[in-house]
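Consider where the open spaces of this protein lie, and what surrounds them.

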Amino acid sequence: MIYNAPVKEIRFVLNELAELTSVCSLPGYEDCSVELVDAILEEAAKFAEGVLAPINKQGDKGATLKDGEVTAAPGFKEAWQQYVESGWVGLRAPADFGGQGMPALVAIAAEEMWCSSNLAFSLAPLLTLGAVEAIHHHASEELKAVYLPRMSSGEWTGTMNLTEPQAGSDLAQVRSRAVPQADGSYLVTGQKIFITWGEHDMADNIVHLVLARLPDAPAGVKGISLFIVPKFLVNVDGSLGARNDVRCVSLEHKLGIHGSPTAVMSFGDNGGAVGYLVGEANKGLGYMFTMMNHARLGVGVEGMSVSERAYQKAVEYARDRVQSRAIGSPDPAGVAIIKHPDIRRMLMTMRSQIEAQRALAFYTAAALDRASRHPVASEAARNQALVNFLIPIVKGWNTEQANELTSLAVQVHGGMGFIEETGVAQYYRDARITAIYEGTTGIQALDLIGRKTFSEGGATARALLEEARATADKLAAAGYASMARNLQQAAAEAERCVAFILGSFGTQPQLAAAGSVPFLKLMGIVLGGWQLGRTALIAREKLGEDGVDEDFLKAKITTARFFAEHLLPQVGGLAAAIVDGADSVLELDDTLF
């Protein structure tokens, strides 16, 4: 189960589609350069291929819990120490607190390799960096000074504690309590479930970010505050003190990502876990969304990355597996199954969507950097609107398709794909969670139609569709007729759906909600097609340059054409369901299900 980091693919998307040089020119990123990023990519590839990928399968055996202490899967603790010593945790962490302060775009490129090589392992740094973001943006200077340097280095890891047994995605139902103490701290009590890497032995301390209510908090989401609750208390000199009143009471038995312990955490069984308020009281949910937005983009990268790993495995098997004569050939000798048209269709379906997803995710990461660093306020605001609109699409589309693409990888293997020893089944199992955690696809879709489309009158959606139409015009001028025609038609259907959402959400929101997930998928396909259209145009232009890899560039054009001819036509069917199919979603009486 060899993993080959797709460095050439990543470099192309970084430089040509996400415009790395312009991101590196933003204020605060002056130390970033194409040459430095190339070196980072090469080293990240070596670490992913040589350290993380080899322990992925043994990680599937899972972590173990004994007497409240969790031991990570075999090889994980040693890999984490190497990860920390190599400085990977701090790649995106703020330079003021010991991180390297690289752009989100660069960090996302490295994260792809971590996720592809070992998805379960990659969740530890993902959650840690999300916690770093929340603390950096919202905590006091005193809390930043205590926690950020060691989290940025990876000496300590971080978690996100939202979900409770009675409160899944509905955080208004959170019951955990925080009682203020005379010294300014709080005593936190309650139970949290589904806590990724909530307990483990890889790092010296675990910094839990916990949503809880103050005694006088108002009801609903307006009464939620955010607290830092460390596993070990921290002394004034920064050393670790007594064990806090927080413990892991059980680990979940899961379908996949077994190497990532998912903990049930209990706070305050012996009087109260000491916690520290982040920012202002009753504003915790907003603060947590800083962490969640970064995590949602990261999970979108996870979906694409595990699909990439499954695709590589499927290609490897298709090249080696000899079965049946070539269709239409008089020669009775068997051929490698990669010669069979339907196998090629499945591989191209995987390949084209992965390339589209990578492009859209990296484009979003570049917008995130511009939103935070662009010196022109109007440009920063425009990019923030792009980030807000694209994150639910990247998270939702990439992860929903990961279920399909990893399933196709199993299908390419035939019966052998159903056998665990082959290895591809692990990717299929691991992928399933990505469309659920950090907000299910349904939640992403409601966010997309409500806060991100209706609330701004469709402005960002229409601006992106205008970009897609402009790319289609360029494709037509370049002679790529099918790509141009299908992209134009898809953009027109998407525009029709935007108009339907704007016309229905305000007065009949259930009609728009009934088609919200199809709309998310539709926008993923259209915007993915737009990015691959851009890819084809850039590849065509570069074919005339000296010293280029012509096979690589021609493959780019072929892949873009496949996406346009096989994926973009799906948009018409999705649009019909969105605009004309809401009534049949809602009509059947509950008792008849």
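In the second largest pocket, α10 contributes the most to the lining, with seven residues. Helices here are DSSP runs of H or I with at least four residues, strands are E runs of at least two, and both are numbered from the N terminus. The model is predicted, so local features need pLDDT of at least 70 and side-chain atom pairs count only at pLDDT 80 or more, while totals for chains, interfaces and linings use all residues. Residues are numbered from 1 along each chain as its sequence is written, and side-chain values use heavy atoms, with hydrogens and water left out.

A pocket is an open set of points on a 1 Å grid over the protein atoms alone, where a 1.4 Å probe fits, with protein on both sides within 12 Å along at least five of seven lines; lining residues have an atom within 4 Å of a point. The volume of the second largest pocket is about 830 Å³, taken as the space filled by probe spheres set on points joined across faces, edges and corners. Its lining has 24 residues, with Tyr-311, Gln-312, Val-315, Arg-319 and Arg-351 closest to the centre. Two or more lining residues come from each of α1 (7-17), α9, α10 (341-373) and α18 (550-566).

The largest pocket holds about 1200 Å³ of space. Of its 49 lining residues, Ser-169, Met-292, Tyr-437, Glu-438 and Gly-439 lie nearest the centre. Helix α9 supplies the largest share of this lining, eight residues. Elements giving at least two residues to the lining of the largest pocket include β3 (156-161), β5 (186-196) and α11 (377-413).
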